[in-house]
Amino acid sequence: MERAELPTGGLAKSIATVSISGTLTGKLEAAAAAGFSGVEIFENDLLTFDGRPADVRRIAADLGLTITMFQPFRDFEGMPGTLRTRTFERMLRKFDVMAELGTDLLLVCSNVSPQSLPERGRIVDDFRDLGELAAAQGLRVGYEALAWGRHVHDHRDAWDIVHRVNHPNIGLILDSFHSLARNVPIDSIRDIDPAKLFIVQIADAPRLDMDHLYWSRHFRNMPGQGDLPITDYVKALIAIGYRGPLSLEIFNDRFRAGSASGIALDGYRSLKLVEDEALARLKRPATMPPRIDVRGVEFIEFAATEEEAGPLGAMLATMGFEPVGRHISKAVTRWRQGDINIVLNGETEGFAHSHSIVHGASVCALALRVHDVPAALDRADSLRIPRFAQAVGPGEMDIPCVRGVGGSLIYFIEDGTQEQVWRNDFVPLTEVPVPGVGLSRIDHIAQAMGYEEFLSWLLYYFALFDVTKTPQLEIADPLGIVHSQAIENGDRSFRVTLNGSAAAQTLTSRFLNHYLGAGVQHVALATGDIFATAKALQERGLERLPIPRNYYDDIEARFGLDPDLVERMAAHDILYDRTDEAEFFQLYSRAFAKRFFFEFVERRGYDAYGAANAAVRLAAQSRFNTDTVY
């Protein structure tokens, strides 16, 4: 069969109104603002709308939205006797609603009623009769297999029924969750005639061992946020020649409490991401540049008021950093140790100043070395990630950037040109680098965010950058659970851990309240010799996080460690983890103004983040909640 080419810009993007919080009008406005061309009207949204279906049609049209489908119609097929008669009467009423809405497609999901009958011939006859009723009004009906359907819970069975009905007004609707939750082979999509596939609904989800209905109603999420093979699913659809809309249908408790505009924008980004990843696997032209290839973190920029710039600089000095450059026209200093650059911005106007006024001394920007800056910006534009620009002085470099977590910035610097930035904008302060305390590079950056924002920022990083996700972890804080997940590039020169908690009194949540928003909670710096670094930090007077003796008694027994090694770790409050032959050592500074702290790590073949020690660290930090400014 000859396959039609994809339309310019890819498949049409639609979203079911159930995916977004708020009123129906607000949902439509959010969908249009995010970039969707169509919406599915969920029946409950219409029932609670203070107006007629024709009003919904008008609002959608004014916003440039097509109503792709009305849904769902439940418990249709296989009903006996008078129940069948009532079902068809109810269907005719829904056809009238569809006419007012201005949509020609209705979703019928597989029957879950205990009164329904399983005979396949009866079900086929029901849909054949329904096809005639729909044709008389110029409408179409799509059949979807629910993962918990009473007799039909596999899209292969739904397709068999549609194929047997063989009516132009009866087609198939696929939902990725229902197929993948049931582990229906993706290859089975090849057996479906794309002309009979009326629409495809897309949803990701974490892999959970639970009842399909509860899993679906509470834990669906956007492509890129979960664990299901959504890209392979969409790849199979495009390969058979499907050219209809990709439509999100998401049920998630977090999303129901979130911002309608934010959730809609995440949805649009997720569909752009999954479609382009599918096209790449098919070796077809993509609709946007590939995910950004990050080559490393060039610098971390801290914003500080005049009152906090001095104490923060003093803290950096105790950590072995040396001021090596001063900006040619601004109150900005470059601090360096090994390959680590920290920019301390004490300007009294501009973005950094505004950031410090709101949050206090804190990380306001990350600068990433990337392979192709124009492509990176184009990628961000395609995902509707806003750029940021501010005035630069004569002769100064204008480094392009986009908005990041909590309104911070992410700068893009062409890999190989970074020294030009330092030579052009900074006056050297020293010619001879000082030895420092042995810190060599940025290991990872930890960001805290609201629980309801967690999946959004995970999607942001995964859609924008060429990274992979680690499994999500639940970490025990003394006052609740913290959810943590990391993203990493291929050579792990760019790692970010994301942390969010629904509990109000966890350290993560208290950080957000004190900081007034999401942001960098700590920066981890790598050393090749944790004991030499710890000794040097102690000699320089860095206050570190005290760890209880009970912890060291436990790891000595648990790992069978040499007592002398344990005593050395205890003397410097160094935490330890081991997996197989890989070892991990970590120690922490006390927090600066209850706002952020530093971690110092040595990895010996170890690729994780010391999650086994997180509860101990969090408990220790909770005990020392009266930190003062250095």
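# Briefing: sheets, surface patch and salt bridges

Ile357, Val358 and Leu516 make a nonpolar surface patch of about 300 Å². The model is predicted.

**The surface patch**

- Leu516 sits in the loop between helix 17 (507-515) and strand 23 (519-527).
- Leu516 is exposed, because its relative accessible area is 55% and the cut-off for exposed is over 50%.

- Strand 9 (residues 294-303) pairs with strand 13 (residues 362-370) in the antiparallel sense, over eight bridges.
- Within strand 13, Val363 is the bridge partner of Phe302.

- Glu298 and Arg369 form a salt bridge, with the closest N and O atoms 2.9 Å apart.
- Glu298 belongs to strand 9 and Arg369 to strand 13, so the pair ties together parts that are 71 residues apart in sequence.
- Both Glu298 and Arg369 are buried.
- The pair belongs to a network of salt bridges that links Asp293, Arg295, Glu298, Arg369 and Asp415.

- Strand 22 covers residues 495-501, and seven of its seven residues are buried.
- In a regular strand the side chains alternate between the two faces of the sheet.
- Arg495, Thr497, Asn499 and Ser501 point one way from strand 22. Val496, Leu498 and Gly500 point the other way. Residues on both sides are buried.
- Strand 18 (residues 439-450) runs parallel to strand 22, joined by six bridges.
- Strand 21 (residues 480-488) runs antiparallel to strand 22, also joined by six bridges.
- Thr497 is the bridge partner of Ala446. Thr497 is also the bridge partner of Ala486.
- The hairpin of strand 21 and strand 22 has six residues between the strands. In this hairpin, Arg492 takes a positive phi near 60°.

**Ala526 in strand 23**

- Ala526 lies in strand 23.
- Ala526 is buried, because its relative accessible area is 5% and the cut-off for buried is under 20%.
- Neighbours within four places in sequence aside, Ala526 is in contact with Gly438, Leu439, Ser440, Arg441, Asp443 and Val601.
- The C-alpha atoms of Ala526 and Arg603 are separated by 7.9 Å, although the two residues are 77 residues apart along the chain.

- Side chains of opposite charge can pair when their charged atoms come close.
- Lys535 and Glu539 meet in a salt bridge, at 2.6 Å from N to O.
- Both residues lie in helix 18 (residues 530-540), four residues apart, about one turn of the helix.
- Lys535 is partly exposed, with a relative accessible area of 47%. Glu539 is exposed, with a relative accessible area of 57%.
- The side chains of Arg549 and Glu567 form a salt bridge, at 2.8 Å from N to O.
- Arg549 lies in helix 19 (residues 549-559) and Glu567 in helix 20 (residues 563-571), so this pair ties together parts that are 18 residues apart in sequence.
- Arg549 is partly exposed, with a relative accessible area of 35%. Glu567 is partly exposed too, with a relative accessible area of 42%.

Key. Residues are numbered from 1 along each chain as its sequence is written. This is a predicted model: local features need pLDDT of at least 70, side-chain atom pairs count only at pLDDT 80 or more; totals for chains, interfaces and linings use all residues. Side-chain values use heavy atoms; hydrogens and water are left out. Two strands pair if DSSP finds at least two bridges between them. Helices (H or I, at least four residues) and strands (E, at least two) are DSSP runs, numbered from the N terminus. Patches are made of residues with over 30% relative accessible area and no salt bridge: like charges are joined within 9 Å, nonpolar side chains (Val, Leu, Ile, Met, Phe, Trp, Tyr) within 5 Å. Accessible areas come from the Shrake-Rupley method with a 1.4 Å probe; for residues, only the protein chains shown count as cover. A salt bridge is a side-chain nitrogen of Lys or Arg within 4 Å of a carboxyl oxygen of Asp or Glu. Buried means under 20% relative accessible area, exposed over 50%, partly exposed in between (1.4 Å probe, protein chains only). Contact means heavy atoms within 4.5 Å.
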